[in-house]
Amino acid sequence: MPTRPLPIVMASAALCLLMGAAKPTTPLVVRGDGLVNATIGGTAARIRITPWAPAAPTLNPDFADRIGLKGGWFGFAVKVGPVKVNGKSSVTRLDFGTMSFRRRVVWFDRRYEPQGDGAVGPGGLPAEVIRFELRSPRPGERVATLPLVQRLFQPTYSRITVAGREVNILFDPQHAQTLATAGAGGAIAADYGGQLVGATGKAEVAFGIDRPIRTLKLARSLAIGPLRFDSVPVRIGDSGSVAGIADADADPDEVVVTAKGGGKRRDVLIIGRDALAGCSSIIFDKPAKVIRLSCL
């Protein structure tokens with residue numbers, strides 16, 4: 001699944017590598033907006049380390065051209081709503097100071113990262129434990145543990161079962177708003193008594209592409225670890241169907257067109273900064289296969 005290069009800068013960027021030869025699991029600490037200095041393909045770059053990015057380091061097309069990357073014979077594409085975004089891949093060296101490694105990288109015909117030269121998620125770094133510090137800890141915080149799932153090239157995520165469907169849970173503290181795909185919204189509505197309310201808005205999903213959204217108001221709160229959701233913004237035009245969700249503002253004469261399922265889809269809930277406001281850190285512990293949230 002592609003980006004949500006989805007912006008709004010938090011505090012100033014900083015990357016702190018806590019060294020400890022006797023402790024191989026000493027965490028890589030990422031602070032602020034996650035933008036760090038790196039060298040990619042022998043060229044200086046600004047790369048965002050963020051929980052939402054894929055395990056395949058994803059570069060902007062202008063930077064891929066600058067370092068002379070050439071795509072292989074087989075291209076690929078992702079779809080954001082009705083928009084098809086074509087991609088290429090190659091192998092190059094990435095150097096983050098104390099981490100130097102070769103990795104398959106990807107780039108698309110649209111910019112992925114709006115402020116830097118590219119982005120990478122926890123799955124694309126050799127560090128075994130990655131700690132994203134969102135703010136200073138507060139008294140009374142508790143740590144919740146969620147299962148960690150990693151698939152080749154995909155973002156690192158957790159997973160819950162809702163209405164008999166698996167819903168992938170991703171975290172994106174760089175994006176202001178939580179967002180569910182239509183399929184995830186339909187499952188949540190079925191289990192928690194949801195209905196669509198309010199007018200249609202827009203939200204950026206990836207590559208600068210906006211998609212229509214509505215607010216899904218829940219009769220019962222959805223709990224994910226320490227987080228509670230009484231409402232969730234939901235994409236209404238693709239990635240599943242919202243046809244089965246009650247609409248509190250429906251016009252009886254309105255014709256609503258919803259997406260039809262084709263092939264295997266992934267139902268996804270991306271948890272943004274709005275829901276993470278009470279959390280001080282997110283830790284991705286790969287050896288233990290867990291994600292730890294420290295929140296009030």
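Visitor: Is Arg48 buried or exposed?

Guide: A residue is called buried under 20% relative accessible area, exposed over 50%, and partly exposed in between, with a 1.4 Å probe and protein chains only. Arg48 has a relative accessible area of 5%, so Arg48 is buried. Please keep in mind that this is a predicted model, in which local features need pLDDT of at least 70 and side-chain atom pairs count only at pLDDT 80 or more, while totals for chains, interfaces and linings use all residues. Residues are numbered from 1 along each chain as its sequence is written, and side-chain values use heavy atoms, with hydrogens and water left out.

Visitor: Which residue forms a salt bridge with Arg48?

Guide: A salt bridge is a side-chain nitrogen of Lys or Arg within 4 Å of a carboxyl oxygen of Asp or Glu. Here the partner of Arg48 is Glu113, and their closest N and O atoms are 2.8 Å apart. Because Glu113 lies in the loop between strands S8 and S9 while Arg48 lies in strand S4, the pair ties together parts that are 65 residues apart in sequence; strands (E, at least two residues) are DSSP runs, numbered from the N terminus. Glu113 also counts as buried, at 2% relative accessibility.

Visitor: How many salt bridges does the structure hold?

Guide: The structure holds nine, including one between Arg165 and Asp267, whose closest N and O atoms are 2.4 Å apart. Since Arg165 lies in strand S13 and Asp267 in strand S19, this pair ties together parts that are 102 residues apart in sequence. Arg165 counts as partly exposed at 34% relative accessibility, whereas Asp267 counts as buried at 2%.

Technical notes: Helices (H or I, at least four residues) and strands (E, at least two) are DSSP runs, numbered from the N terminus.
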